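Subject: Structure for your review

Dear colleague,

Please find below the sequence and structure that I am handing over to you. My findings follow directly after it.

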Amino acid sequence: MTKIPWSRLLFFTMLIFVLALAACGGNDDASNEESPDDSGTTTEEPADEGAETEEPADEGAEESAGGEPAETGEKVTEFEPAFPEQTRAPAVVTETELNEEVIVDGLEVSWGMEEFEPNRLLVTQRDTAELLIVNLEDYSVSEPIEGTPEVNSEGQGGLFDVAIAPDFDESRMVFLTFSQDVEGGTVTALGKGVLSEDETSLEGFEVIFQALPAYEGDLHYGGRIIFDEDGNLFLTTGERSDDPIRERAQDLDAYLGKVIHITQDGEAVDTNPFIEDEEALDGIYSYGHRNIQGIDFHPETGDLWIIEFGPQAGDELNIVEPGNNYGWPIVSYGIEYSGELINGGVSEHEAQGFIEPRYYWDPTSAPSGSSFYDNNAIPEWENNLFIGGLASSYIARVVIEGDTIVGEERLLTDKAERFRDILVTEDGALIAATDGGTIYRITAAGE
Ligand SMILES: [Ca+2]
């Protein structure tokens with residue numbers, strides 16, 4: 001065996017450490033113009049950084065109710081959960097035999113989806129701002145629908161989410177979110193237009209809401225929308241990422257880092273929590289959020305669950321209630337991409353007067369669009385939450401009891417895809433759209 005001098009060993013160890021640090025620095029979600037929220041390696045690399053001093057990866061598992069967690073990577077922070085079920089839920093495994101199928105590929109970053117007729121989807125293309133119709137039965141893709149808005153597609157900007165009005169069958173009204181150029185920078189905007197009978201154009205598209213103030217930046221737009229049972233809209237925003245603009249997530253006179261509740265004309269819903277507060281914006285429903293990338297109602301409890309893309313680790317699942325403050329950027333279970341602590345490193349939310357996330361990830365899951373499985377085609381999935389993962393390259397299946405996460409599974413881990421949005425069709429297929437422009441369909445085998 002060749003003898004290697006200690007000094008040389010030490011040198012190479014140091015070299016590897018420095019290289020690892022350099023690689024981590026490159027993952028800063030605010031410095032990478034290409035896809036800053038989620039550059040490819042954030043899940044793995046930061047774990048190397050302080051490995052010697054950090055908690056063993058399985059520490060959280062011992063406190064969990066069940067067995068080994070789905071998360072096997074090392075923690076990147078030293079934070080402990082506020083309650084045992086708040087992170088690293090026990091791994092669960094789908095027993096139903098599944099069939100995975102590619103419906104289409106070769107599209108661009110496919111950010112949002114809506115099933116507007118059985119097995120026919122409206123699909124947004126973030127960067128080209130195109131709205132397409134994808135047919136799940138004959139695998140066809142339409143020409144781009146005309147009349148979509150002009151977007152600012154720099155950085156994380158572009159055409160985001162799509163939703164149809166509850167009375168779409170009569171009104172044919174389609175709602176879109178996007179990043180819009182305005183005086184002073186860009187905003188997250190929401191608009192609507194009527195889908196023509198021949199499905200080739202959106203007619204009379206108009207902007208009904210802008211999440212002011214504008215900011216000269218191209219990160220953290222949020223942009224998910226969902227209708228409530230009264231026909232009003234919830235719109236999510238981001239806090240625009242940079243320090244100090246991100247601090248406006250805490251301000252009630254800014255629509256950054258908020259859940260917003262508005263009518264189909266963009267007016268504040270009159271039951272909103274800050275209507276009586278002269279200083280606050282009337283459309284605000286909840287605040288203290290970072291960059292909300294997923295939103296859906298629990299099919300059974302009716303709770304409104306959101307996914308917040310965290311900094312390095314600290315991605316959160318929250319139940320949104322009116323008037324609540326979710327703590328960003330005062331508290332977080334994550335750290336800066338640089339490795340620095342955020343605000344001195346306070347993780348506990350409740351102790352500081354904020355709402356604890358129901359669940360968080362460490363290391364990051366880089367979460368994006370999400371959907372509850374509100375169907376019984378795959379009975380064991382009923383009421384589970386499915387979340388697309390970007391840099392993590394998996395779809396997370398989260399099992400919820402009441403307001404507690406009791407299990408987690410990772411699906412399609414072999415695809416090396418960045419899963420951008422999830423949709424459950426009327427007939428119970430799970431549809432996943434990716435940044436690589438592929439649309440997958442997952443069903444029970446034999447159907
Ligand atoms: Ca939080």
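Two residues are in contact if their C-beta atoms, placed from the backbone, lie within 7 Å. With that in mind, residues 24 or more positions apart account for 58% of the contacts in the protein chain with a separation of 6 or more. Please note that this is a predicted model.

Overall picture

The protein chain contains 4 helices and 23 strands. It has 447 residues, of which 47% count as buried.

A residue in a strand: Phe209

Phe209 belongs to strand S8, which covers residues 202-210. Is Phe209 buried or exposed? A residue is buried if 20 or more other C-beta atoms lie within 10 Å of its own. Phe209 has 25 C-beta neighbours inside 10 Å and therefore counts as buried.

Which residues does Phe209 touch, once its neighbours within four places in sequence are left aside? Phe209 is then in contact with Ala189, Leu190, Leu235, Ile262 and Gly266.

Backbone details in the loops

Most residues other than glycine have a negative phi, and most peptide bonds are trans.

His220 is not a glycine, yet its phi is positive, near 55 degrees. His220 is located in the loop between S8 and strand S9 (225-227). Because His220 has 31 C-beta neighbours inside 10 Å, it counts as buried. Ser393, also not a glycine, has a positive phi of about 60 degrees. Ser393 lies in the loop that runs between strand S18 (385-389) and strand S19 (395-401). With 20 C-beta neighbours inside 10 Å, Ser393 counts as buried, since the cut-off is 20 or more.

The bond from Trp328 to Pro329 is cis, and its omega is near -5 degrees. Pro329 sits in the loop between strand S15 (315-320) and strand S16 (359-361). The bond from Asp362 to Pro363 is likewise cis, with omega near 5 degrees. Pro363 is part of the loop between S16 and strand S17 (367-372).

Yours sincerely,
A colleague

Terms used:
Residues numbered from 1 in each chain as written. Predicted model: local features only at pLDDT ≥ 70, side-chain atom pairs only at ≥ 80, totals over all residues. Helix = DSSP H or I, 4+ residues; strand = E, 2+ residues; numbered from the N terminus. Buried ≥ 20, exposed ≤ 12 C-beta atoms within 10 Å, placed from the backbone.
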